[in-house]
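Hi everyone, thanks for coming along. Please have the sequence and the 3D view ready as I talk.

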Amino acid sequence: MTEPTADPDPAEQTTEPGPSVSVDLSPRDLPGAAKRRSLRNWCIVGALSLVLAGILYQALTSARVFFYNVDEAIARRDELGSQTFRIQGTVVDEPADIGGAMVFTIAFNDETAVVRHVGDEPSDLFEVGIPVVAEGHWEGEAFESRQLLVKHSESYVEDNPDRLVPDK
Amino acid sequence: MYWNYVLIGYVVVFGGLGLYAVSLLRRGRNLAEQVEPDRRRFLD
Amino acid sequence: MSPPTSTGPAATPTGSKLTRVLGSLSLAFLAIFLLFGLMLSPPEVSQREAVRLFYIHVPSAVIALYLAFGLTAVGSVVYLRKRSTFWDLLAWSAAEIGVLFCAFTLVTGMLWGRPTWGVFWKWDPRLTSTAISFVLFIGYLAVRQLDLTPEARSSRAAVLGIIGFLNTIVVRFSVSWWQSLHQGTTLNPVDTQMDGLHLLSFFLGFATLALVFSWLLVHRFRVAWLAHQAGEAGLDRALAERRAEATGRTV
């Protein structure tokens, strides 16, 4: 019997095992554990494909038109009807509490809309002059909001104790 | 204000990096035992 | 996973002078960064302390989406052209660490979103495209575990790695292509919207995470190389066994 480990190049063994020796290189049945592992890995790839398909569906439905600006939402008021969408604009006045609803006005491109928000309070960043995204639907001239998100800007200003201008 | 979110974020990032680093060093040690010294290229 | 058999730098087979230098620099930068990021830099006027998440969120995103996944794409292209094991393993190593940094991007983004936007998650274009990158590269790692020939596994992963990196372009421009809840670019080279200790803390955070990424990449590549060599040695043994069987039959 030849000593297999003595051969310096194992790659050659696959093609030139010797003049009179035929080496069986066909795959043999995987043991049970390896088969299960293989099946599990294919299942993981399948599950990931489903997750990706779900996210792509979200991308094509929700993320593509994440919101309409106030002027766009007003222009599309008839088309949007009572369907749920998101509207974006800058808060222009202090909110008032009217019948349990938070009522304020938002503006964008010289158009304004009254928002009546009923639901969770917005984040602490909510204030006059900050852009917000409200989710809800048109109810006549006003926008009925169920969720109110604050859209913070890309500008960052240090809050130094020796600032000449006091914090808002 | 918001320190809880900040600290959770820092713990997740640096804790995660620490755990991953330890697991990587262990994988290296275990694998090195299976590999002959003459096959260990790129290790210095 | 079994515990290490011994401790100390000499007992770390994937360690070297390079990794010790990178590791020391990483720890030094980490200490300085934590000092500035958590203590010396002031709060932001409206976001208060939440601005500190910027110092780890943005570097994690840049490192994952551009550096790590970019390296995976380069390695994948070179592998498909030259069938180079080095580039294949480098692409794999960068992808694994990229997934980790992408996870940090998503988690820190969610933690930042709650106090600022008011929600942890919304299917906004930037968030959605980043989630797609994350899932694509988890898919890349899953493909690398499939029961295929090594060449088929590497080739399929390489194609997925290139597609995954193309999605980085979508992530980059998502806030300008579509209307987005996510903020626009702060660190615009022409008009940076951040200064002083905020900007310094950001650069320290970026340097720290980039150093840690480099250290991890060297170690991860060496682990991949050792695993490849262990696999080759296993193949050699299997071939030797078959050869011995064949020789035995013909004797």
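What you see is a predicted model, where local features need pLDDT of at least 70, side-chain atom pairs count only at pLDDT 80 or more, and totals for chains, interfaces and linings use all residues. Residues are numbered from 1 along each chain as its sequence is written, chains are lettered from A and ligands numbered from 1 in the order in which they are written, and side-chain values use heavy atoms, leaving out hydrogens and water.

Now, how many residues does each side bring to the contact between chain B and chain C? Chain B gives 34 residues and chain C gives 57, where contact means heavy atoms within 4.5 Å. Together the two chains bury about 4100 Å², 74% of it on carbon and sulfur atoms. B:Y10, B:R29 and B:R39 supply 18% of the area that chain B buries against chain C, more than any other three residues. Buried area is the accessible area (1.4 Å probe) that two parts lose on being put together, summed over both.

A salt bridge is a side-chain nitrogen of Lys or Arg within 4 Å of a carboxyl oxygen of Asp or Glu.

C:E96 also has a partner in its own chain: C:R220, with the closest N and O atoms 2.9 Å apart. That pair links distant parts of the chain, since C:E96 is in helix 3 (residues 85–116) and C:R220 in helix 6 (residues 196–250), 124 residues apart. Both count as buried, C:E96 at 15% relative accessibility and C:R220 at 3%.

Over all chains, the search finds 10 salt bridges. In one of them, A:D159 meets C:R48, with the closest N and O atoms 2.7 Å apart. A:D159 lies in the segment after strand 7 (142–150) of chain A and C:R48 in the loop between helix 1 (17–40) and helix 2 of chain C, so the pair joins two chains. A:D159 is buried at 10% relative accessible area, while C:R48 is partly exposed at 21%.

Another bridge pairs A:E79 with A:R76 at 3.1 Å, N to O. Is A:E79 buried or exposed? At 56% relative accessibility, A:E79 counts as exposed, while A:R76 is partly exposed at 32%.

Last stop: C:A61, in helix 2 (residues 54–82) of chain C. C:A61 is buried, with a relative accessible area of 15%. Its C-alpha atom is 6.2 Å from that of C:C102, 41 residues apart along the chain. Leaving aside neighbours within four places in sequence, C:A61 is in contact with C:Y66 and C:T105.

Key
Helix = DSSP H or I, 4+ residues; strand = E, 2+ residues; numbered from the N terminus. Buried < 20%, exposed > 50% of the residue type's maximum accessible area, 1.4 Å probe, protein only.
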